[in-house]
Amino acid sequence: MNPEIYEYIIERLFNKGALDVYRIPILMKKERLGVILSVLCRAEDKEDLKEIIFRETTTLGIREYKINRTKLKREFEFIDTCYGKASVKKAYYKGKIIKVKPEYEDCKKLAQDNDKPIKNIYDEILKNIGGILENE
């Protein structure tokens, strides 16, 4: 399949409910290059997503596996920076905060609005995150 088409297909899959889509390059039989297209979805979206894959790709078959997912509890908090407000995602395990990270889209917007490198935005937010971890 023409590899340029993957971007279009992936966008369609996300628009129809895919939770995640990723590709893995592989060597198939007779040393042919191939791609495994993996799509994670809810059961209720499966048929719509299969239709996209069958109609839009060159595949002749789909393998399905049921998987379980364990997610950390997440909360968002807004913090003030010298560049403006930004949200950070806090993740909890067994009731304790174990991870905090800046939200990319907020960092991107602040970088564009302030005409600054996105690394500067991340660094500024990371300076403020330490207090969040200490206060939990």
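Student: Why is Glu-124 called buried?
Tutor: Its relative accessibility is 15%. Buried means under 20% relative accessible area, exposed means over 50%, and partly exposed lies in between (1.4 Å probe, protein chains only). The value of 15% is under the buried limit, so Glu-124 counts as buried.

Student: What kind of model is this?
Tutor: It is a predicted model, in which local features need pLDDT of at least 70 and side-chain atom pairs count only at pLDDT 80 or more, while totals for chains, interfaces and linings use all residues. Residues are numbered from 1 along each chain as its sequence is written, and side-chain values use heavy atoms, leaving out hydrogens and water.

Student: Where is Glu-124, and what does it touch?
Tutor: Glu-124 sits in helix 4. Helices are DSSP runs (H or I, at least four residues), as are strands (E, at least two), numbered from the N terminus. Not counting residues up to four places away in sequence, Glu-124 touches Thr-81, Cys-82 and Tyr-83, where contact means heavy atoms within 4.5 Å.

Student: What makes the pair Glu-124 and Lys-127 a polar contact?
Tutor: A polar contact is a pair of N or O atoms within 3.5 Å, one able to donate a hydrogen and the other to accept it within protein; residues adjacent in sequence count only if both atoms are side-chain atoms. The side chains of Glu-124 and Lys-127 are joined at 3.3 Å, so the pair meets the distance limit. Another polar contact, of 2.7 Å, links the side chains of Lys-119 and Asp-123.

Student: Is Lys-119 buried or exposed?
Tutor: Lys-119, in helix 4 (residues 118–135), has a relative accessible area of 54% and is therefore exposed. Its C-alpha atom is 13 Å from that of Lys-101, 18 residues away along the chain.

Student: Why does Asp-45 count as buried?
Tutor: Its relative accessibility is 15%, so Asp-45 is under the buried limit. Asp-45 lies in the loop between strand 2 and helix 2, and touches Lys-16 and Gly-17, not counting residues up to four places away in sequence.

Student: What makes helix 1 and helix 2 roughly antiparallel?
Tutor: The axes of helix 1 (residues 5–15) and helix 2 (residues 46–56) cross at roughly 160° and come within 10 Å. Angles over 145 degrees count as roughly antiparallel, under 35 as roughly parallel, 65 to 115 as roughly perpendicular and the rest as oblique. The angle is over that limit, so helix 1 is roughly antiparallel to helix 2.

Student: Which residues make this contact?
Tutor: Helix 1 contributes Ile-5, Tyr-8, Ile-9, Arg-12 and Leu-13, and helix 2 contributes Leu-49, Ile-52, Ile-53 and Glu-56. By class, seven are nonpolar, none polar and two charged.

Student: What is phi of Lys-30, and where is this residue?
Tutor: Lys-30 has a positive phi of about 60° although it is not a glycine. Lys-30 is in the loop between strand 1 (20–27) and strand 2 (33–40). Its relative accessible area is 67%, so Lys-30 is exposed.

Student: Why is Lys-94 called exposed?
Tutor: Its relative accessibility is 72%, so Lys-94 is over the exposed limit. Lys-94 is in the loop between strand 4 (84–93) and strand 5 (96–102).

Methods. Axes fitted to C-alpha atoms, helices over the stretch in contact; angles between N-to-C directions. Nonpolar A, V, L, I, M, F, W, Y, C, P; charged D, E, K, R; others polar.
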